[in-house]
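Please read the points below with the sequence and the model side by side. They are meant as a colleague's notes.

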Amino acid sequence: MHRGLKLWNVRPPKFGAPARMSVFLLRRCLTLLATLVGASLIIFLVLDALPGNAAQMLMGADASPDAVRALTVKLGLDQPLALRYLHWLRGLVVGDLGNSYAYGTPVAELIRERLAMTIPLAILAMLLTTVLALAAGIYTAAHHNRLGDVGVMSLTQIGIALPNFWFAILLILLFAVKLQWLSAGGFPGWEDGIWPGLRSLLLPAVALAVVQAAILARVTRSAVLDVLREDFVRTARAKGLTKREVLWQHVLRNAMIPVLTVMGLQFANLLAGTIVIENVFYLPGLGRLIFQSIANRDLIVVRNCVMLLAGMVIIVNFVVDVLYAVIDPRIKVHEL
Amino acid sequence: MVGALLCLLVLGAALLSLVWTPWSAYEIDVAAKLRPPSAAHWLGTDVLGRDIVSLLLVGARATILVGIIAVGIGLTCGVCLGLIAAAQRGWTEELIMRFSDFTFAFPAVLSAIMLAAVIGPGMVTSITAIGIFQIPVLVRVTRGSAGAIWAREFILAARAAGKGRVRITIEHVLPNILSILIVQATIQFALAILAEAALSYLGLGTQPPQPSWGRMLNDAQTLLFQSPSLAVYPGAAIALAVLGLNLLGDGLRDLLDPRLARQR
């Protein structure tokens with residue numbers, strides 16, 4: 001991991017760098033596109049490999065063959081597979097996802113309603129994760145091998161082992177059942193103002209954040225410790241900066257790359273965790289929508305929700321990849 | 001050390017459940033429902049009158065079974081692909097790495113949702129989903145460590161001696177990265193247990209009447225106000241198993257890491 005001097009402001013001469021950067025970006029964008037198309041293809045194939053006809057399943061086993069046929073035509077399920085796939089792909093681009101089999105309302109609208117809860121939850125959880133992890137990571141690195149370090153690190157070891165939904169249940173036990181400070185679940189919506197909504201998202205966000213933060217804190221700690229061993233830290237101390245100044249002005253910036261990587265990787269876990277946690281707290285988010293749709297055999301909703309989640313993970317990882325190159329031009333572009 | 005003990009404890013519980021449980025984990029006795037802990041039922045009974053200790057013991061079995069098969073799938077596919085990527089380089093490597101990036105976009109819960117919509121929930125669904133979710137990490141770890149071995153001089157010597165890529169991979173690369181893979185497999189096992197618990201909690205994994213820790217938590221949640229302690233034991237069991245595996249992984253790393261071994 002030793003990459004020599006790591007002074008933030010010292011950059012290598014950039015001969016030909018802009019050209020290489022744009023080639024890199026172009027290549028990355030093409031891969032992004034290919035990955036998204038690949039994901040859509042897999043999702044479409046898996047969900048359309050469903051044994052039996054979706055129309056038959058919606059109407060039940062005792063429906064008349066004529067009615068089933070009529071519904072098949074109405075839903076467009078009589079068209080060839082390739083045509084349906086292309087139709088869906090076009091819909092994804094223009095934002096027309098078709099109508100839900102079960103509710104008859106546009107799928108895009110259903111998803112938008114649910115995202116109004118899921119996205120704030122994910123953001124809140126990510127914020128809490130970052131704050132907790134950076135605080136714990138920097139504190140333990142600064143107090144390396146002292147009591148505080150050992151204590152916090154043992155806590156993170158336990159945090160990593162906790163299933164987030166169990167931690168959520170424990171939080172409900174403590175704050176809703178014993179202390180009765182917060183409700184055990186449900187979501188009032190954003191109509192009554194921001195506060196009641198945030199209040200009901202607090203426990204879910206904490207449940208999601210604590211477990212993720214435990215992992216991120218360990219990464220932050222080791223990244224900061226790595227940078228603290230660098231020569232330029234000694235130089236900065238020698239020129240008279242205090243430990244605190246060195247930490248905040250030089251070390252943190254340089255330690256951010258591995259932290260950012262892991263944050264990008266954690267995003268997939270966060271989304272998966274959101275689905276689980278929404279079920280613990282009975283929150284009407286994307287996760288609940290997916291489970292209702294599976295129960296209703298509403299495959300068009302399942303397909304679009306899964307695509308949305310997979311797409312978000314793919315795009316976030318793309319952004320992290322590009323950010324590396326922007327943050328640290330010394331990372332050789334062709335190595336990415 | 002503590003890690004190994006905890007792992008043995010869970011493994012022992014699963015093995016014990018094969019030959020003996022204090023009560024039957026399947027027999028329903030509604031008259032004895034929600035009993036507090038007593039001499040007969042050490043941790044009490046659940047809403048169907050089943051003994052909690054017996055359920056926990058049998059639940060360990062489901063967890064370990066799903067974990068072993070899923071990690072097995074992940075190891076087989078992941079290590080093979082990683083070794084091929086490291087040996088072939090070029091566009092084969094590029095293709096495999098893109099494929100693993102791509103698989104990464106499907107966390108276990110997401111693949112399990114898709115599979116549950118198609119083939120229905122159950123152990124097969126959860127094993128497949130968790131197996132798929134293990135592949136990308138193992139591909140990356142294998143490729144990374146195998147790539148480092150391929151750059152060493154003794155590989156050059158082996159090539160000069162006329163050995164082919166396959167033989168070098170099997171005779172020289174694999175034995176040298178085995179310790180890294182063992183450590184990683186331990187950590188993956190812990191992740192698989194967490195994923196299995198989440199899936200069976202959501203009702204996508206192990207189905208009743210087969211007891212599983214995640215399922216027990218789901219049942220307990222509906223009774224949170226009447227008997228909160230029901231929600232504590234299964235979660236604690238999961239956390240202990242995962243903690244044990246993580247500590248075991250750390251311990252193995254210290255034991256097997258060649259750099260540390262050389263210092264000694």
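Predicted model: local features only at pLDDT ≥ 70, side-chain atom pairs only at ≥ 80, totals over all residues.

1. Residues are numbered from 1 along each chain as its sequence is written, and chains are lettered from A, with ligands numbered from 1, in the order in which they are written.

2. Chain A has 12 helices and 0 strands, where helices (H or I, at least four residues) and strands (E, at least two) are DSSP runs numbered from the N terminus.

3. Of the 336 residues in chain A, 34% are buried; a residue is buried if 20 or more other C-beta atoms, placed from the backbone, lie within 10 Å of its own, exposed if 12 or fewer, and partly exposed in between. As for contacts (C-beta atoms, placed from the backbone, within 7 Å), 70% of those in chain A between residues at least 6 apart in sequence join residues at least 24 apart.

4. A:Tyr282 lies in the loop between helix 10 (243–280) and helix 11 (286–296) of chain A, and its phi is near 50°, a positive value in a residue other than glycine. A:Tyr282 counts as exposed because it has 12 C-beta neighbours inside 10 Å.

5. In chain B, B:Arg89 sits in the loop between helix 2 (52–88) and helix 3 (90–104), with a positive phi near 55° in a residue other than glycine. B:Arg89 has 11 C-beta neighbours inside 10 Å and therefore counts as exposed.

Key: Contact = placed C-beta atoms within 7 Å.
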